[in-house]
Structures are given as C-alpha cells and as structure tokens.
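Hi,

Here is the structure I promised to pass on to you.

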There are 2 protein chains.
Amino acid sequence: MNIISTKNNEDKINTITEMCKLFKVSARTLRFYEAKELLFPIRKGQHRLFTKSDRGRMKLIMQGKRFGFSLEEIRQLLNLYNFGDHRTRQIKQTYQLGLKRLSSMEQQKKELGLAIKDLKTQLQLCKDLLLKRGADSRDL
Amino acid sequence: MNIISTKNNEDKINTITEMCKLFKVSARTLRFYEAKELLFPIRKGQHRLFTKSDRGRMKLIMQGKRFGFSLEEIRQLLNLYNFGDHRTRQIKQTYQLGLKRLSSMEQQKKELGLAIKDLKTQLQLCKDLLLKRGADSRDL
DNA sequence: AACTCTTTTGACGTTTACGTCAAGTATGAC
DNA sequence: GTCATACTTGACGTAAACGTCAAAAGAGTT
C-alpha cells in the first residue's frame, strides 16, 4: 500500500484505441462525440487522452443510446454527473431535465413490460400452431 | 342487435388521414411503411384503405420503434401476428426471431431498471447540492 | 536516416426514416 | 362545368450518426 494511493483504476488515462476496445466503438465515433461536446479528452501534443470522467460519460452515452435518446438529449444530461463546477441556475435546469428523463424512462419500462407480455402470448400461439402442424417440439 | 353483427370497430376501414390522426404520423410515413412492406392497405381505385390488420400492425410498429428497433427488424417480426397464411418453415423462422427479440427486450428492461436506479441516485445528489446552495425546496 | 505505428484533421459518402414540393387524378359540392 | 378537397406518385431534400479515405505529423525502432 502506498501512502499516495493513486488507485490505478480511477486515475488511469486511456488512448483512443483503448477506449475503442473498452466501449466497442470506432475511433471515428469517439472523435465525433468530442466534436459534439459529449466527451472532453485532454490533449497531450495532438493526441487525445481519456480520463475517468470520459469513461463515466461514455457509459452514460451508451446507456442513453440503448434507450433511444438522441446524442443531443444525452449531452444535456451529462452535466448531472459533473455539476460541481457549474452555476446554480444551470444545475437547476439540468435537474429538471433529469426528472423528466426519469419519468420518461419509467414510462418506457412500463410499456416494455406490457409489450413483453403481448409478445409472450403471441409466441405461445405461434408455438401451438407449429406443434399442431406436426413440428418437433425439440426445435422450439 | 343485428344478426349479422359486423362489429363496427373490428371491421372498420380507415382512410389515410384517419390513420394519420389515429397514430399521430404523417401520410408520408404510412406510404413509406407500405413501400417497405410493413403495411398492406387495400386499394379502392387508387386510394388506400386501412383495415383492422393494418391498425394492429401499426400498433406494433410504434411499439417497436419506441423500444429502438429498426423498421427492418420490425418488419420481419410482424409475421408473428399473421402467421395463419404462411408456410411452416417461415413460421418457424419468425418464431425463432420472436424468441430472440423477447430476450432482447427482457434484457433491455433489466438495464432500464438499473439505469433508473442510477439516475435517481444522481438526482438526489444534485438535489442535495442545490439545497445546500440555498435553493428553495419548493422549486424542486 | 528510413521505416513503422498511432493518431490527427478534413472532406466526402452512406444509411435510416422520413419531409417537402410538384404535378396529376378522382370525387363530391355548388 | 368548375371548384375545392382528398389522395396519388415521383423526385428531391434533410438530419442524425456515423463510415471511409487521404494526407500529414509525432514518437519509437533499427
């Protein structure tokens, strides 16, 4: 144990190719996100270096995309996780946005539950038909 | 009560503008979906008429889009709800696709639950900070 | 010094999912 | 008959989210 416990994991910085592997995206994508101000890698010379903050943001970006939010919507929310260094008024706005997004996500979860139920029913009907038509139940 | 109980709701056919209002989409969108073979309105002269089947399909299309599936993915699955008139082999394929989609949706629901939890935590932190900075709790 | 490897910027291409005209047809109201 | 209205096809445009390719620059290797 070192006194200056630079927890290697937290402080680690990544090159662009490391980030690509970490999040399974292309370098083009990472540069694109930087251009759109979703990421802020530091520069060493003219190379990008991605910090813990960027990793955190990328996690949220991927999550947001998965749930159907646009990059612009995601960008506005990323501040929720960096609010220390902003003016109070802006934090308030981001907070409100976060509330909206929360309710939208909860709504989506509900609908997803219903859709899953429907799909299950439909799959059962389909299965029945296939069996009646003489399909081998081991195939299904 | 009529003997030939044509349950008006089920058998109703809609013009394109009625469909637009029903699903809050543009006529262009409906024609586009037809071109992509997601809808199959019947033709009277050169006008389109949408039946119960099309309404059912539209419901599923909107649902699919909401959960981030592409139109092409949706198209392949729509057969699940029309399987009566297909060959057994194709039904099997659609069935398999349905199973995959089901698991993908269940996975998404799980992740959504986690993301919601995260977001709640983050919102709480944000709220705390705002209160500490002297915000009026009635604003939040 | 020459070479390789990584990364950079910049420009242009691509796909998806529509929007936006333009021009034509058909139907019912007046 | 003609006027408005609803609908059609077809062509072109657009925004988002990247992919692809070319040219150059820097750091390390032999």
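Let me begin with the contact between the chains. Across the interface of chain B and chain A there are 6 salt bridges. One pairing of side chains to look at is B:D118 with A:K59, a salt bridge with N and O 3.8 Å apart. On the chain B side, α4 (52-66) and α6 (88-132) each supply at least two of the residues that touch chain A. The largest share comes from α6(B), with 30 residues. By type, the residues on that side divide into 20 nonpolar, 11 polar and 13 charged. Please keep in mind that this is a predicted model, so every value here is computed from predicted coordinates.

As for the extent of the interface, chain B and chain A each bring 44 residues to the contact. Together they bury about 4,500 Å², and 68% of that is on carbon and sulfur atoms. Counting residue pairs in polar contact between the two chains, with both residues at pLDDT 80 or more, gives 4.

Next, the salt bridges in general. In chain A, A:R48 pairs with A:E34, and their closest N and O atoms are 2.4 Å apart. Because A:R48 sits in strand β2 (residues 47-49) and A:E34 in helix α3 (residues 27-35), this pair ties together parts of chain A that are 14 residues apart in sequence. A:E34 is buried, at a relative accessible area of 18%.

In chain A, A:E72 bridges to A:R75 with closest N and O atoms 2.9 Å apart. Both lie in α5 (residues 71-78) of chain A, 3 residues apart, or about one turn of the helix. A:E72 is partly exposed at 40% relative accessible area, and A:R75 is partly exposed at 29%. In chain B, B:E72 and B:R75 form a salt bridge at 3.0 Å between the closest N and O atoms. They too lie in α5, 3 residues apart, about one turn of the helix. Here B:E72 counts as partly exposed at 40% relative accessibility, as does B:R75 at 28%. Back in chain A, salt bridges with shared partners join A:E34, A:R43 and A:R48 into one network.

Which residues of helix α3 (residues 27-35) of chain B are buried? They are B:L30, B:Y33 and B:E34. These lie on the same side of α3(B), because they cover an arc of only 100 degrees around the axis. Their cover includes α2 (16-23), β1 (42-44), β2 (47-49), α4 and α5 (71-78) of chain B. On the face turned away from the buried side are the exposed residues B:R28 and B:A35.

Finally, a few backbone points in chain B. Most residues other than glycine have a negative phi. B:K24, in the loop between α2 and α3 of chain B, has a positive phi near 55 degrees. B:K24 is exposed, with a relative accessible area of 75%. B:E37 also has a positive phi, about 60 degrees, although it is not a glycine. B:E37 belongs to the loop between α3 and β1 of chain B and is partly exposed at 48% relative accessibility.

Best wishes

How values were computed. Residues numbered from 1 in each chain as written. Chains lettered and ligands numbered in written order. Predicted model: local features only at pLDDT ≥ 70, side-chain atom pairs only at ≥ 80, totals over all residues. Heavy atoms only, no water. Contact = heavy atoms within 4.5 Å. Buried area = accessible area lost by both parts, 1.4 Å probe. Salt bridge = Lys/Arg side-chain N within 4 Å of Asp/Glu carboxyl O. Polar contact = N/O pair within 3.5 Å; in protein donor to acceptor, adjacent residues only side chain to side chain. Helix = DSSP H or I, 4+ residues; strand = E, 2+ residues; numbered from the N terminus. Nonpolar A, V, L, I, M, F, W, Y, C, P; charged D, E, K, R; others polar. Buried < 20%, exposed > 50% of the residue type's maximum accessible area, 1.4 Å probe, protein only. Arc of directions from axis to C-beta.
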